[in-house]
Amino acid sequence: MSADWWVRDDLRREDGRLIFAGQDAAALADQYDRPLFVYSGARIRANLDRLRGALAASGCDHRLYYAMKCNRFPPLLRMLAETGAIGIDICSPDELDLAIASGIPAVNISFTGTSVANRDLDRLLAEPDLHINCDSLSQIRRIGERTPGRAIGIRVNPGYGTGYGDNERLSYAGERTSKFGIYREQWAEALALAAAHRLTITTIHFHVGCGYLSQQLDAWGRAVGAAADFLADLPDARTVNIGGGLGLPHKAGDTPLDLDRWAAIIGRHFGGRGLTVAVEPGDYLVKDAGLLLLSVVGVERKRDTLFVAVDGGFNLHPEPAHYGLPCEPVACVVADPDRTAWQPVTLAGNVNEALDLWAEDHPMPPLAEGDRIALINAGGYGSAMSSNHCMRGDFFELLI
């Protein structure tokens, strides 16, 4: 595998300079002179087209909902709305308002949320065309009390899960009991609650983990099979929503998700049953379509470690620190393509927390104050999860 495993047509080097979406990354960083998230609209659309092609090959009718929690930058949402090829999945009432403001009608929005307060339900139920996937017995009962006769979905927990690198923190179902969804032992009570309030269950939903790649597809397939078993009790079901979680490579050695195998699993379980398969991709669409551009503010050796300090910390993109999903640092300008002078560095952010390290022992070319660094795979769960911890939350976003 190439040392630069991340290289592709729209992310590559020309004369030692990093080019992303046709733009010189260092020149972009120079324009803003503060942390900058930059997203490629063309890459997002290409990812969307690739996923639609795989779903078509499954032989199932399908529908896509972009998981807004992944990235809610308004220009990005408006671009997706303009494609006309995708709806939005939300997990809060404020996300509902933003989706509608971005040009997505309520009929193309689904809600899948957890620990939903009554004030949230009242706002959601005010949109009669919004589809709601119920995550708990309590949600089913309270929706039935407020709007008897409504059509709903039920999120089930099949008891099997998987995620990137088999990381338990990225598995939403499995041996450890999860807060998400209705388990099989609760299923009869869920059906009884729906019947008592004349709720029609038109959708079964499940989401079993985040970031899975090809080596997790067997585990994902077991979860799909277990979730499909719930359909036997749902004569009115027209849609099966398989959630999101489709992953992409984060480091050298990661194998991209085999979409042909993924689609074959879907077709095997749901093909020929008159069902529409809904999918809620977030990461798969936007993560590799984004960079976080940072500036070097210091280079200093402390004991046996060479630290490269940058002007942005883990509060700008918490996912690597929380879940171990790396955003690999790449120098925006490389004068030594042969790597003879490269050495391992630890890339440190500007937040006063010991865990604020973007990478450790990571080979990089010689760097100096003022140089620019790109963190790749920063398009998902970065800006959307950011905070103002230590009042270091200042950044720009740009959609190309």
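Me: Which residue is the bridge partner of Glu14 in strand 2?
Reply: This is a predicted model. Strand 1 (residues 11–14) pairs with strand 2 (residues 17–20) in the antiparallel sense, over four bridges. In strand 2, Glu14 finds its bridge partner in Arg17.

Me: Which residue takes a positive phi in the hairpin of strand 1 and strand 2?
Reply: Two residues lie between these strands. The positive phi there is near 50° and belongs to Asp15.

Me: What is the phi of Ala21, in the turn between strand 2 and strand 3?
Reply: Strand 2 and strand 3 (residues 23–24) run antiparallel, joined by two bridges. Ile19 has Asp24 as its bridge partner in strand 3. The two strands form a hairpin with two residues between them, and Ala21 in the turn has a positive phi of about 55°.

Me: How many strands make up the closed barrel?
Reply: The barrel runs 5-6-7-8-9-10-11-12, with parallel pairing. From one strand to the next, the twist averages 30°. The number of strands in the barrel is eight.

Me: Which residues of helix 7 are buried, and what arc do they cover around the axis?
Reply: Helix 7 spans residues 187–196, and its buried residues are Trp187, Ala190, Leu193 and Ala194. In an α-helix, residues three or four places apart point the same way, because there are 3.6 residues a turn.

Me: Which exposed residues does the opposite face of helix 7 carry, and what covers the buried residues?
Reply: The cover over the buried residues includes helix 6 (137–146), strand 9 (151–155) and strand 10 (200–205). Turned away from the buried side is a face with the exposed residues Ala188, Ala195 and Ala196.

Me: Which residue just after helix 7 takes a positive phi?
Reply: The phi in question is about 55°. The residue is Arg198.

Me: Why is strand 18 largely enclosed by the rest of the structure?
Reply: Side chains in a regular strand alternate between the two faces of the sheet. Arg372, Ala374 and Ile376 point one way from strand 18, while Ile373 and Leu375 point the other way. Strand 18 (residues 372–376) is largely enclosed because its buried residues number five of the five.

Me: Which residues of strand 18 are the bridge partners of Leu293 and Pro329?
Reply: Strand 13 (residues 290–302) runs antiparallel to strand 18, joined by five bridges. Strand 15 (residues 329–331) also runs antiparallel to strand 18, with three bridges. The partner of Leu293 is Ala374, and that of Pro329 is Leu375.

Me: What is the radius of gyration of the protein?
Reply: The protein has 11 helices and 19 strands. The globule rule gives 21 Å for 400 residues, and the protein comes close to that, so it is as compact as a globular protein of that length. Its C-alpha trace spans about 70 × 40 × 40 Å along the principal axes. The radius of gyration is 22 Å.

Me: What percentage of contacts between residues at least 6 apart in sequence join residues at least 24 apart?
Reply: Of the 400 residues, 56% count as buried. The accessible surface comes to about 16,900 Å², and 47% of it belongs to carbon and sulfur atoms. For the contacts asked about, the value is 73%.

Terms used
Residues numbered from 1 in each chain as written. Predicted model: local features only at pLDDT ≥ 70, side-chain atom pairs only at ≥ 80, totals over all residues. Heavy atoms only, no water. Pairing = 2+ DSSP bridges. Axes fitted to C-alpha atoms, helices over the stretch in contact; angles between N-to-C directions. Rg over C-alpha atoms; globule rule 2.2 N^0.38 Å. Buried < 20%, exposed > 50% of the residue type's maximum accessible area, 1.4 Å probe, protein only. Contact = heavy atoms within 4.5 Å. Areas by Shrake-Rupley, 256 points an atom, 1.4 Å probe, with all protein chains shown as cover.
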